[in-house]
Amino acid sequence: MLRSMAGSSQKEKPAGKGRKPPRGPKRVTPTYLENAALFYLGRTAASVAHFRRVLMNKVRRSASFHGTDVEEGAAIVEDLIKRYVRSGLLNDAAYAEAKVTQLHRKGLALRRIHADLRTKGVEAEAIGGAVAKLREGTAAPDLAAAIAYVRRRRLGPCRPSAERPGRHARDLAALARAGFSYEVAQKVLAAKDVEALEALREEEDA
């Protein structure tokens with residue numbers, strides 16, 4: 001009998017009781033947007049265009065969920081951008097320099113770096129200035145990047161010698177996807193071992 005009553009009690013318990021309803025996006029206000037902006041910039045650098053996209057996504061989600069005004073939110077975003085550009089918190093030239101250096105060390109070709117920064121909304125002038133500074137300190141930037149890429153991905157001369165013949169075409173394709181020309185890709189893959197690979201860099205820097 002007790003078992004029957006317990007079972008009945010469990011059946012009568014409303015489904016989902018105690019569960020919180022899913023939370024929607026926060027309502028956009030000037031204070032909320034500024035706090036969100038500073039939190040975002042505290043974690044990562046951003047171009048002006050990318051920063052605008054991030055905040056405008058919040059504005060549009062708020063408008064869809066809470067009925068807030070998109071144009072009013074956009075005006076707040078533009079005011080934040082003007083203030084942050086004046087203070088130096090947003091600086092496309094500095095952002096481009098940092099990203100070009102970072103992506104080059106990661107092993108990406110200048111062509112690929114340029115394309116990646118354009119997708120972030122960085123103007124061609126800022127990218128060109130950053131690339132020019134990189135060239136000042138690196139004699140052959142694409143070759144240096146290709147060497148870094150091959151070492152990081154363990155391609156070509158960084159593979160065991162027995163594996164290399166059957167992987168050459170695949171390694172060429174990987175270097176092409178990273179933005180390198182056929183000539184640069186062939187040059188680094190032709191190195192017989194890691195020592196010969198590094199000798200290429202020294203030859204270019206000499």
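In what order do the elements of the protein run from the N terminus on? I read them off as α-α-α-α-α-α-α-α-α-α-α.

**Entry 1. Setting up.** I am working with a predicted model, in which local features need pLDDT of at least 70 and side-chain atom pairs count only at pLDDT 80 or more, while totals for chains, interfaces and linings use all residues. Residues are numbered from 1 along each chain as its sequence is written, and side-chain values use heavy atoms, with hydrogens and water left out.

**Entry 2. Overall make-up.** I counted eleven helices and zero strands. Both are DSSP runs numbered from the N terminus (helices H or I, at least four residues; strands E, at least two). Of the 206 residues, 37% are buried. Buried means under 20% relative accessible area, exposed over 50%, and partly exposed in between, with a 1.4 Å probe and protein chains only. I then looked at contacts, meaning heavy atoms within 4.5 Å. Among those with a separation of 6 or more, 69% are between residues 24 or more positions apart.

**Entry 3. Helix α4.** I checked the length of α4 (residues 70-87) against its residue count. Its 18 residues should span 26 Å at 1.5 Å a residue, and the end C-alpha atoms are 26 Å apart, which agrees. The expected span is 1.5 Å times one less than the number of residues. Which residues of α4 are buried? I found Gly-73, Ile-76, Val-77, Leu-80, Ile-81 and Tyr-84. They cover an arc of only 140° around the axis, so they lie on the same side of α4. The arc is taken from the directions from the helix axis to the C-beta atoms. An α-helix has 3.6 residues a turn, so residues three or four places apart point the same way. The face turned away from the buried side of α4 carries the exposed residues Glu-71, Glu-72, Lys-82 and Arg-86. The cover over the buried residues of α4 includes α2 (30-43) and α3 (48-66).

**Entry 4. Helix α3.** I ran the length check on α3 too: 19 residues reach 26 Å from first C-alpha to last, close to the 27 Å expected at 1.5 Å a residue. The buried residues of α3 are Val-48, Ala-49, His-50, Phe-51, Val-54, Leu-55, Met-56, Val-59, Ser-62 and Ala-63. They pack against α2, α4 and α5. After α3 comes Gly-67, with a positive phi near 80°.

**Entry 5. Leu-33.** I placed Leu-33 in helix α2. Its relative accessibility is 0%, so Leu-33 counts as buried. Not counting residues up to four places away in sequence, Leu-33 touches Val-28, Leu-55, Val-59, Gly-73, Ile-76, Val-77 and Leu-80. I also took the C-alpha separation of Leu-33 and Met-56, which are 23 residues apart along the chain, and got 9.7 Å.

**Entry 6. Asp-171.** Is Asp-171 buried or exposed? Asp-171, in helix α9 (residues 164-177), is buried, with a relative accessible area of 3%. Leaving aside neighbours within four places in sequence, I list its contacts as Leu-155, Gly-156, Arg-159 and Leu-189.

**Entry 7. α5 and α8.** The axes of α5 (residues 92-106) and α8 (residues 141-153) come within 7 Å and cross at roughly 55°. That makes α5 oblique to α8. Angles under 35 degrees count as roughly parallel, over 145 as roughly antiparallel, 65 to 115 as roughly perpendicular and the rest as oblique. From α5, His-104, Arg-105 and Lys-106 meet Pro-141, Ala-144, Ala-145, Ala-148 and Arg-152 of α8.

Technical notes: Axes fitted to C-alpha atoms, helices over the stretch in contact; angles between N-to-C directions.
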